[in-house]
Amino acid sequence: MVSKELEVAINKQINAELWSGYLYLSMSVHFANNGLPGFANWFKVQFKEEQDHAHKLMHYLVSKGNRVELQPIDKVDTSWNSLLHAFEVTLEHERVVTSLINNLVAMSRRENDFATENTLQWFVSEQVEEEETAQGMIDALKLIGDNGFGIYTMDKELSKRTYTPLEMSSDSE
Ligand code: FEO
């Protein structure tokens with residue numbers, strides 16, 4: 001079993017992952033409303049991945065005999081000034097999530113809870129990817145600037161992103 005303190009902290013992280021998903025879903029519908037179906041698709045896949053992150057933590061708590069307590073998900077913004085602004089918000093948010101994960105790892109180390117730390121290491125690696133991807137989008141959008149054809153081409157490219165469900169098997173837990 002995971003300690004009560006860690007159980008509470010992981011439940012908070014589940015809420016943070018679901019909030020992340022809600023934020024990206026909001027971005028997805030915003031760009032769908034603004035004639036950018038490829039960007040909408042990209043954020044929709046992001047939304048599904050965040051749900052998987054939450055599910056992975058829920059699965060872990062249940063497997064350890066702990067309680068999952070889902071809490072209300074806070075309101076998210078519903079519009080952004082530009083594509084660049086949305087990805088800057090995304091990067092900033094992913095940096096916050098990285099620090100939350102790091103705090104959880106530190107807590108599990110203090111408790112010598114190696115199983116929890118091992119589960120969290122997957123998230124440590126995932127966060128490196130999440131930040132790198134958001135930074136890559138920002139770099140691309142800065143290069144494109146106001147070039148309409150560039151935005152059009154990037155939108156077409158992002159429409160190809162597909163969702164792959166996260167494997168909840170033992171090697172991913
Ligand atoms: Fe669940 Fe985008 O980190």
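The side chains of R67 and E69 meet in a salt bridge, 3.1 Å from N to O. A salt bridge here is a side-chain nitrogen of Lys or Arg within 4 Å of a carboxyl oxygen of Asp or Glu. R67 counts as exposed, at 52% relative accessibility. E69 counts as partly exposed, at 36%. The cut-offs are these: buried is under 20% relative accessible area, exposed is over 50%, and partly exposed lies in between, with a 1.4 Å probe and protein chains only.

This is a predicted model, in which local features need pLDDT of at least 70 and side-chain atom pairs count only at pLDDT 80 or more, while totals for chains, interfaces and linings use all residues. Residues are numbered from 1 along each chain as its sequence is written, and side-chain values use heavy atoms, with hydrogens and water left out.

Back to the charges. Side chains of opposite charge can pair when their charged atoms come close. The salt bridge count comes to six. One of them joins E7 and K4, at 2.8 Å from N to O. Both residues sit in helix α1 (residues 4–33), three residues apart, so about one helical turn separates them. Helices are DSSP runs of H or I with at least four residues, numbered from the N terminus. An α-helix has 3.6 residues a turn, so residues three or four places apart point the same way. E7 is buried, at 6% relative accessibility. K4 is exposed, at 55%. Another salt bridge links E157 and K160, at 3.3 Å from N to O. E157 is partly exposed, with a relative accessible area of 46%, and K160 is exposed, at 57%.

The largest nonpolar core has 24 residues. Such a core is a set of buried Ala, Val, Leu, Ile, Met, Phe, Trp, Tyr and Cys residues joined through side-chain atoms within 4.5 Å. M27, F31, F39 and F87 have the most contacts inside this largest core. The elements giving it two or more residues are α1, α2 (37–63), α3 (83–110), α4 and α5 (148–158). A second, separate core has 17 residues, including A9, I10, V97 and V105. What does M27 contact, leaving aside its neighbours within four places in sequence? The partners are F43, W80, A86, V89 and T90. Contact means heavy atoms within 4.5 Å.

Aromatic rings come next. The count is nine aromatic pairs. Rings of Phe, Tyr and Trp (its six-membered ring) pair if their centres lie within 6.5 Å; planes under 30 degrees apart count as stacked, over 60 as edge-to-face, and the rest as tilted. Ring pairs link Y24, F31, F39, W42, F43 and F87 into a cluster. W42 also has R161 over its face, at 4.6 Å from the ring centre. A charge sits over a ring if NZ of Lys or CZ of Arg is within 6 Å of the ring centre and within 35 degrees of the ring normal. The charged end of K56 sits over the ring of W122, 4.9 Å from its centre.

α2 has 27 residues and reaches 38 Å from its first C-alpha to its last. That is close to the 39 Å expected at 1.5 Å a residue; the expected span is 1.5 Å times one less than the number of residues. G65 follows α2, with a positive phi near 80°. S125 lies in helix α4 (residues 114–144). S125 is partly exposed, with a relative accessible area of 49%. The C-alpha atoms of S125 and A40 are 25 Å apart, and 85 residues separate them along the chain.
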